[in-house]
Each structure stands twice: as C-alpha cells, then as structure tokens.
Amino acid sequence: MRVFLRRHGTIFCIGALGYCILELLWRQRTHWSMGIAGGVCLAGLKTLERRLKNRSLLPKCLAGSILITLVELLIGLWVNRIMGWGVWDYADQPLNLLGQICPLYSGLWFLLCMPIMKLFQWSREARGNAHGTLRLEKI
C-alpha cells in the first residue's frame, strides 16, 4: 500500500476529485464511491499509458475504456447490487450488463481517455527529456 500511495497517491486524489466533479456536471449528484472509482481509474490509466508507450493513441484509449468500464462494473456490483445503495442504474440503456455498464458510457470513457492519455504521454516524455523541455512537434 505504501508503494502504491508513494507512486500513485497524487494521481489517485486528482482522479477521485475529477470523477466526482465530472459526475456533478453530468448528473448533478455524486457519491463517495465514485471518488474511489475515479482514483483507481486515473492511476490505472497512468500505468496503462506507461506500459503501452510504444502504441498509438487509439489502442491506449481502447484499453483505458475497458479498464474504466471494468472498474465501473466492479464498483457498481458492490455499491448497487451488494450494498443496495442505488448510486446509478443503466438498466434503461441498450445492451447494459446488470444495469451497471453499457456501451454508451464505454464509448464516452474512450473519448475521455484521449486527452488523459495524451497528457500522461507528454508528462512521461517531458520527464524523460534530459533538457526538461517538451517537444510539441509529436502532436
């Protein structure tokens, strides 16, 4: 746990806050469990970008969308099905799985991954550059 917090603590907190803000803007409400989901997702996206650094943006975003969808499924099963808190319900969405995930939101996660993966890539490249300058010609 110490290693995770040292390595991903700031990213986790940014993801937790960001996800809650995104939910407030989208649904006008949120739940503390969404903060956990957001933190896990952003830390996972950072790890994915690093591990897929030689891949183009689209495979990174596809992997990111799958990761976020799986986190959403696991958290949803916990908070909605097991605990019965009713944080969200996608039962009215086409092709939903147990009312917890659906293709619509997986597609939105894919789009959201685009700027996130690009920012993580730029950050990684800037840290790897001996002069500390960011080369924007790769955009």
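User: In this predicted model, which residue forms a salt bridge with Glu23?
Analyst: The closest N and O atoms of the pair are 3.1 Å apart. A salt bridge needs such atoms within 4 Å. The partner of Glu23 is Arg27.

User: Which helix holds Glu23 and Arg27?
Analyst: The two residues are four apart, about one turn of the helix. Both lie in residues 2–27. That helix is α1.

User: Is Glu23 buried or exposed?
Analyst: Glu23 has 10% relative accessibility. Buried means under 20%. Glu23 therefore counts as buried.

User: How many salt bridges does the structure hold?
Analyst: One of them joins Glu23 and Arg27. Another joins Glu49 and Lys60. Arg124 and Glu49 also meet in a salt bridge. The structure's count is three.

User: What distance separates the closest N and O atoms of Glu49 and Lys60?
Analyst: Glu49 forms a salt bridge with Lys60. Glu49 lies in helix α2 and Lys60 in helix α3 (residues 57–82), so the pair ties together parts 11 residues apart in sequence. Both Glu49 and Lys60 are buried. Their closest N and O atoms are apart by 2.8 Å.

User: How many residues apart are Arg124 and Glu49?
Analyst: Their side chains meet in a salt bridge, at 2.7 Å from N to O. Arg124 sits in helix α4 and Glu49 in helix α2, so this pair links distant parts of the chain. Arg124 is buried, as is Glu49. The separation of Arg124 and Glu49 is 75 residues.

User: Which residues are linked in a network of salt bridges?
Analyst: Glu49 forms a salt bridge with Lys60. Glu49 also meets Arg124 in a salt bridge. The network consists of Glu49, Lys60 and Arg124.

User: Are helices α2 and α4 parallel or oblique to each other?
Analyst: Helix α2 covers residues 32–51 and helix α4 residues 103–128. Their axes are 9 Å apart, and the helices pack at about 60°. Roughly parallel would need an angle under 35 degrees, and roughly perpendicular 65 to 115. The two helices are therefore oblique.

User: Is the crossing of α2 and α4 left-handed or right-handed?
Analyst: The helices pack at an angle of about 60°. Their crossing is right-handed.

User: How many residues of the contact of α2 with α4 are nonpolar?
Analyst: On the α2 side, the contact includes Leu42, Leu45 and Leu48, along with Glu49. On the α4 side, Ile116, Met117, Phe120 and Arg124 are among them. The contact residues divide into one polar, four charged and, for the nonpolar class, seven.

Conventions
Residues are numbered from 1 along each chain as its sequence is written. This is a predicted model: local features need pLDDT of at least 70, side-chain atom pairs count only at pLDDT 80 or more; totals for chains, interfaces and linings use all residues. Side-chain values use heavy atoms; hydrogens and water are left out. Axes are lines fitted to C-alpha atoms, for helices over the stretch in contact, and angles run from 0 to 180 degrees between N-to-C directions. Angles under 35 degrees count as roughly parallel, over 145 as roughly antiparallel, 65 to 115 as roughly perpendicular and the rest as oblique. A crossing is left-handed if the near helix is turned anticlockwise from the far one by less than a right angle, and right-handed if clockwise. Contact means heavy atoms within 4.5 Å. Ala, Val, Leu, Ile, Met, Phe, Trp, Tyr, Cys and Pro count as nonpolar, Asp, Glu, Lys and Arg as charged, and the others, Gly among them, as polar. Buried means under 20% relative accessible area, exposed over 50%, partly exposed in between (1.4 Å probe, protein chains only).
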